[in-house]
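Trainee: Could you help me learn to read strand pairing, with an example to look at?

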Amino acid sequence: IRCWSNIPFITMPLSRAHGKSFAHRSELKHAKRIVVKLGSAVVTRGDECGLALGRLASIVEQVSMLQNQGREMMIVTSGAVAFGKQRLRHEILLSQSVRQALHSGQSQLKDMAIPVLEARACAAAGQSGLMALYEAMFTQYSICAAQILVTNLDFHDEQKRRNLNGTLHELLRMNIVPIINTNDAVVPPPEPNSDLQGVNVISVKDNDSLAARLAVEMKTDLLIVLSDVEGLFDSPPGSDDAKLIDIFYPGDQQSVTFGTKSRVGMGGMEAKVKAALWALQGGTSVVIANGTHPKISGHVITDIVEGKKVGTFFSEVKPAGPTVEQQAEMARAGGRTLAALQPEQRAEIIYRLADLLTDQREDILLANKKDLQEAENKGRLALPLLKRLSLSTSKLNSLAIGLRQIAASSQDSVGRVIRRTRIAKDLDLEQVTVPIGVLLVIFESRPDCLPQVCKEGRLHCWVFLLVSKNQILHHLTQEALSIHGVRDAVQLVNTREEVEDLCRLDKLIDLIIPRGSSQLVRNIQKAAKGIPVMGHSEGICHVYVDTDASVEKVTRIIRDSKCEYPAACNALETLLIHRDLLRTPLFDQIIDMLRVEQVKIHAGPKFASYLTFSPSEVKSLRTEYGDLECCIEVVDSVQEAVEHIHKYGSSHTDVIITENEKTAEFFLQHVDSACVFWNASTRFSDGYRFGLGAEVGISTSRIHARGPVGIEGLLTTKWLLRGDNHVVSDFSEHGSMKYLHESLPLPQRNAS
């Protein structure tokens with residue numbers, strides 16, 4: 001902590017030596033010295049007369065927050081001309097109205113023409129007001145700001161350059177935010193030559209080049225250029241095929257078609273790119289982003305510094321492999337080819353994958369063992385997640401069996417006709433099944449999910465994973481797909497940053513299926529931008545023991561539901577006991593069994609009230625333990641059990657144990673969960689056990705698919721209409737044709 005004028009402030013140590021720009025967005029959080037360039041379109045209003053005060057206040061707030069974190073912030077701003085134009089127009093109107101009133105003697109004003117205002121005069125009138133506005137805004141955050149006006153000539157004079165450099169360093173040392181602008185009141189028109197000729201030559205002819213020059217002179221880590229577009233596009237924004245470029249590399253200029261410049265200001269996107277590349281060559285990282293969009297302008301600067309995918313990031317380091325967007329396009333193209341294969345060809349791919357899982361069993365288990373060791377050494381995964389991460393010979397055998405089952409039984413899933421209607425004579429309509437499209441499947445600590453997803457979504461899928469050691473399973477899957485030339489239909493990524501980027505590709509991804517912890521599912525649901533997410537955030541499963549429950553069935557079902565695989569999402573988490581069963585031999589058997597199985601018991605509020613010495617009271621009745629722990633609560637009736645489940649459950653799987661059929665049917669009909677069972681373990685809530693071959697997840701939503709999701713949940717439909725010169729006008733009141741709407745028999749499915 002240093003002090004200046006008795007005001008303490010904290011400084012952040014430099015995280016790296018200057019000289020080389022950051023290679024990846026994730027490194028931007030280490031930026032110590034940052035220049036924020038505010039374009040004219042960002043600072044000014046839409047009428048180009050006056051400032052966008054709300055937008056400017058938001059930018060000042062973000063800069064202040066970063067400054068108070070210990071970073072060194074500088075602002076290169078436009079806006080003096082616009083602010084001066086507003087002041088001068090007001091003065092001219094006032095002057096004209098006074099003169100007109102004196103000469104005419106009338107208070108009624110005639111139409112007054114405002115002369116064209118010269119830019120230098122506007123700048124002179126606006127600079128003081130602009131700075132006063134900045135000072136007032138920064139004062140709200142206890143930050144001092146200082147104005148510096150420069151021209152191109154200042155950079156050609158070595159003494160002036162040193163003076164400017166020294167002034168800026170001294171201001172930064174005193175925790176003051178320098179606000180720099182070209183001195184537009186005296187600046188000469190820009191010369192067309194000397195346009196970014198090299199590292200040591202840059203003509204300061206607009207604020208883009210000024211920001212780049214200052215960034216390099218001051219050895220800044222990051223230059224943020226805010227404009228009125230989202231970033232750099234490969235063609236003019238607004239054109240049909242324009243795509244936002246996420247990362248721009250030196251030498252990519254040939255792939256970009258530049259449009260016209262913004263409505264205000266001197267520079268266009270081409271000038272920004274040239275300035276950015278010059279700064280990048282000088283060791284400063286650059287991001288060009290939108291500072292005017294109302295939904296993002298309030299956090300665009302902080303998002304960039306946090307490494308979020310905002311705007312266009314300029315990098316000198318090209319990735320070794322394809323970007324996630326390229327992977328998405330490859331997967332969609334490969335998936336369409338895969339969907340066009342014959343059913344027998346798709347079955348061959350699945351049979352091949354089953355054989356590879358069996359043949360490469362030892363290599364798969366060895367890779368999984370290394371993954372487990374790495375996770376244990378890092379200590380990042382809780383015990384339930386470690387259990388999920390583990391593969392075994394029996395798991396692989398089950399996967400292989402499931403693969404062969406689904407290959408043999410569902411060759412006609414795609415293209416199956418589910419409805420036929422004769423609309424009119426020679427006009428027949430069919431509704432047929434088709435794949436949903438590109439799937440983004442994200443899972444943590446679930447290596448067995450990959451082959452399950454591929455066999456279910458084999459028709460048209462794109463799989464991404466979070467667990468790094470799944471490379472071997474991904475390789476085997478691609479090897480199976482390659483027998484029919486569709487290797488790229490399954491892709492793999494490894495980092496959470498890449499997954500966040502994928503969740504924004506709503507034009508390339510059709511459905512997201514997260515497999516893992518409830519926190520993972522919630523994070524994906526929050527990150528998904530316009531893409532539906534199929535899954536469940538929690539697996540809070542209940543077992544209700546009724547007064548008419550069988551003694552022989554109760555302990556078996558509870559043991560299996562809780563202890564067979566406690567880390568599973570379909571494991572028992574809350575045990576509901578009818579009040580009349582307390583202090584009975586059946587209740588004692590339940591407690592003894594849980595103790596033998598080393599299950600930690602948490603008492604619900606009502607259960608605790610019945611006991612003199614109770615187990616630890618549960619912190620929340622909405623808890624998914626994922627381990628050998630469960631909550632026990634007491635209810636007075638089956639109706640109260642249903643109400644408890646609706647209030648605290650997650651609509652996943654709930655069970656009643658009773659011999660009373662009437663009570664059981666009440667429970668089955670009234671519990672609003674994806675799976676509701678009578679006298680059966682919660683663990684049956686599984687696609688493989690349901691006979692679906694396998695599952696890609698369990699959904700608790702109420703649209704499209706619910707419960708364990710197999711191949712049917714990954715299909716949608718399309719309509720095929722076959723006619724012969726039919727037009728709607730023929731069916732009008734005076735037309736020659738009539739609607740029939742006759743149901744036609746469905747074609748026979750392949751019995752094999």
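This is a predicted model: local features need pLDDT of at least 70, side-chain atom pairs count only at pLDDT 80 or more; totals for chains, interfaces and linings use all residues.

Mentor: Gladly! Residues are numbered from 1 along each chain as its sequence is written, and side-chain values use heavy atoms, leaving out hydrogens and water.

Trainee: How many bridges join β11 to β12?

Mentor: In general, strands of a sheet pair through backbone hydrogen bonds, parallel or antiparallel. Strands here are DSSP runs of E with at least two residues, and helices are runs of H or I with at least four, numbered from the N terminus; two strands pair if DSSP finds at least two bridges between them. Here β11 (residues 417-424) and β12 (residues 427-435) run antiparallel, joined by six bridges. Their hairpin has two residues between the strands, and Asp426 takes a positive phi near 65°.

Trainee: Which residue is the bridge partner of Thr421 in β24?

Mentor: That is Ser743. β11 and β24 (residues 742-743) pair in the antiparallel sense over two bridges.

Trainee: Where can I see parallel pairing?

Mentor: Look at the open sheet of six strands, ordered β17-β18-β16-β15-β19-β20, where the pairing is parallel. Its edge strands, β17 (600-603) and β20 (675-678), each pair on one side only. Four bridges join β17 to β18 (residues 629-635), and His602 stands opposite Cys631 in β18.
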